[in-house]
Each structure stands twice: as C-alpha cells, then as structure tokens.
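Biologist: I am new to this structure. Could we go through its interior together?
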Amino acid sequence: MADTAAPPDAFKWVVNLSGSTEGQQFYFITDSGVVGFVQLVYSTMNSWSHSTQITARIYLPDNTIKCKAPSGNAGGFKLSDDRLSVSASGIISITHKPDAGGPAPSYKITFNSPGEIDIDIDVAGLVKPLQLDGGKRFHSPGNEANGYIAARFVAKTKISGKIVVDGKSYDAAGYGHYSHVVQSPPQNIARWNFVNFQNATDALMLYQYQTPKGKYAQDQVSQGTLILNNEIVAITVNNHTIFHGTYLDDFSGYRVPTSLTHVWEGTALDGEPIKIVMDLNLKRMVEKINVLGELPFLLRKFIEAFITKPFVYQWVEDTEITVTKGGKESKISGRVHHENTFLYELEQP
C-alpha cells in the first residue's frame, strides 16, 4: 500500500490546473436527525472559462429536501494567502482554523442563502488526515497524460453550530467527514461509491471509483478507513461492492440497486487480519440528482461531449456493520450516508 498519511499542506487549493475539477466537501450526520453536505467545486475544464459550483443539500428528519446549488464564473472565487481558506460569490466561506489544534485541520463553514438555507458550523478533525494512494493516483501508471485522482480526507469530524432551513433552526451537533479532491480530467470515471458511516465514537468510510471496463490497467480503485473509539484501526484497499436487485431507473437510464453489500478487507494497523461487512437494504433514498442540470452552461456542454450523463443517488439509512478482527466478531450500529454516482453504464440489462 502506498503512503496514506496526508502531509500538512495536502488540503491547500491548487486551482491552476487545466481540464480539471477541484472540490472540497463537508458531510454531516447530526444528532437532531439532519443529514447533508456542503461543497465548493472549482472547474478549469477549458482555458477560456473557469467556473464555480456551490452546493448545500439538507435532508431533514421528515424527509424534506432543501437544496441550493448556484453556479457562476470564477470571479467570485477568493483564496487566502496560504490557500487553506476560500470563499465564493458571497455565499460560501470555508475558513481554516490554524489554532484549533487536534490531529487534523479544522474549519468554520458558512453558507448563506437568505430565507432558505443558512449554515454556520464548526468542523473539527478527530483523526489524522489520509490520502488516496500516496496523494495522486494515475489512471495509467507511467502515463500521466491519461489523468489522475488526488484525494485527501478526514474520516471522522465533530460538528457543532446551527443549520437554518426555511427559518427553522436545527442544532448541528454531530459527526461527519470531509474531503478535498482533484479530478484530472473527471470524464475518466464511470462510477463513484461513497460511504460515510458514523456514530458518537466510531466511523467507517469507503472512497471507491470505477473506470470503464478495460480502459485502464485497473478497473477499480478503493480505500476504506475504520475508526473505533476515535482512533484509526484499519486502512483497507481490498474492498468491493456488490449491487443486488438492480432496476432500470427511467429518471437517469442507469441500473440502480435496491440493496447492496460493501466489504472492506485488509490488515489492521496492529497487524491482525480484518474484514468489515455492511449489508444495506436501500429504503430511504433522499435524493437523485441530474448533475448536468446544475452546472454552468459551458461546463455542461463540455461534459456532454465526453460523458453520457452523470447522476447522483443519495440514501440515508440506520444500519449495522460487522467487524471481524483477529478472529473476533463485533457489531456496531450507526447511521450511514451512502452515495452512488453514475457517469457511464457498467451493468447490462
């Protein structure tokens, strides 16, 4: 396994790339039952038009969905001198807190859409930051022209503050996950699988993507992290996901699962073999998103030329994971925010 420890400057914004997207995402699962995420994406998909995409998606306990996803040119995108803090269009600010202490960077996040969504939260990293495959995963080792993924993440965070939706305030106290990802170029990926499982002391992350079969030497790249009692116990790369009972969704044209199994396998940090299984019966789909419908016009046209149609499916479920470590089995309960992103059909009807 390549070095997975993210260096101190790993969360600095790059933004000087061409033909890429770069984004920072903050996911939260609150004790009040509110689940969601905030993200800022900077796109340099062509040399003449850079753009930003700002998103806040809130899933309330009564199944109400609230979303704001404004986009625009990059003129309102402003970085701090150290490139660790950023704001855009007077709507979102991501402010690094250098004096917060702790094992990972901490942030103040604000999102302001008056009368609709107002977010003011503090995000404290509870475990050491990690990165995918040494920091940069090339699709074709030895051939950088085919592109890469650079991904850094903190798999467990503590959230505090408030979230206001349509004038009603919710306590944001809870736990979450954040990441910073560069895709160059993004059209090389066929599917993303993302898992953010949390309870008060434990967490489980899956960060997994697949490329069109046969296009590159390796069709799937995966990294998982298990956290028990606020300590990283295992980092796994031999992971896989099995879709069960798929159906063709007319909304997207993709085959979507009704249930699935995630499996993480590897060696724990203490040297013992470990296997983690999550069986998910997907009952609470909170949203399905036509990504192209939310992008700036020029970026949308560029992607349409290379990608059939990107769609994102989101579920929030209460579930249980089974951890087998050193021959001993334990079960852990929590809530999971599960996400599938489809960009290219891998299954056949």
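Biologist: Which residues touch the most other members of the largest nonpolar core?
Modeller: This is a predicted model. Its largest nonpolar core has 63 residues, and those touching the most other members are Leu-40, Ile-58, Ile-119, Ile-121, Ile-149, Ile-163 and Tyr-207.

Biologist: And which strand gives the largest share of this core?
Modeller: That is strand E13, residues 148–165, which contributes eight residues.

Biologist: Which residues does the second, separate core include?
Modeller: That core has 26 residues, including Val-233, Val-256, Leu-260 and Phe-311.

Biologist: Let us turn to Ala-56. Is it buried or exposed?
Modeller: Ala-56 counts as buried because its relative accessibility is 0%, under the 20% cut-off. The residue lies in strand E3, residues 51–59.

Biologist: How far apart are Ala-56 and Leu-40?
Modeller: They are 16 residues apart in sequence, and their C-alpha atoms are 9.0 Å apart in space.

Biologist: One more: where is Gln-314 found?
Modeller: Gln-314 is part of strand E26, residues 311–325. With a relative accessibility of 1%, Gln-314 is also classed as buried. Leaving aside neighbours within four places in sequence, its contacts include Phe-37, Tyr-59, Arg-284, His-337 and Glu-339.

Biologist: Which of these contacts does Ala-56 have too?
Modeller: Phe-37 is in contact with Gln-314 and also with Ala-56.

Key
Residues numbered from 1 in each chain as written. Predicted model: local features only at pLDDT ≥ 70, side-chain atom pairs only at ≥ 80, totals over all residues. Heavy atoms only, no water. Core = buried A, V, L, I, M, F, W, Y, C linked by side-chain atoms within 4.5 Å. Buried < 20%, exposed > 50% of the residue type's maximum accessible area, 1.4 Å probe, protein only. Helix = DSSP H or I, 4+ residues; strand = E, 2+ residues; numbered from the N terminus. Contact = heavy atoms within 4.5 Å.
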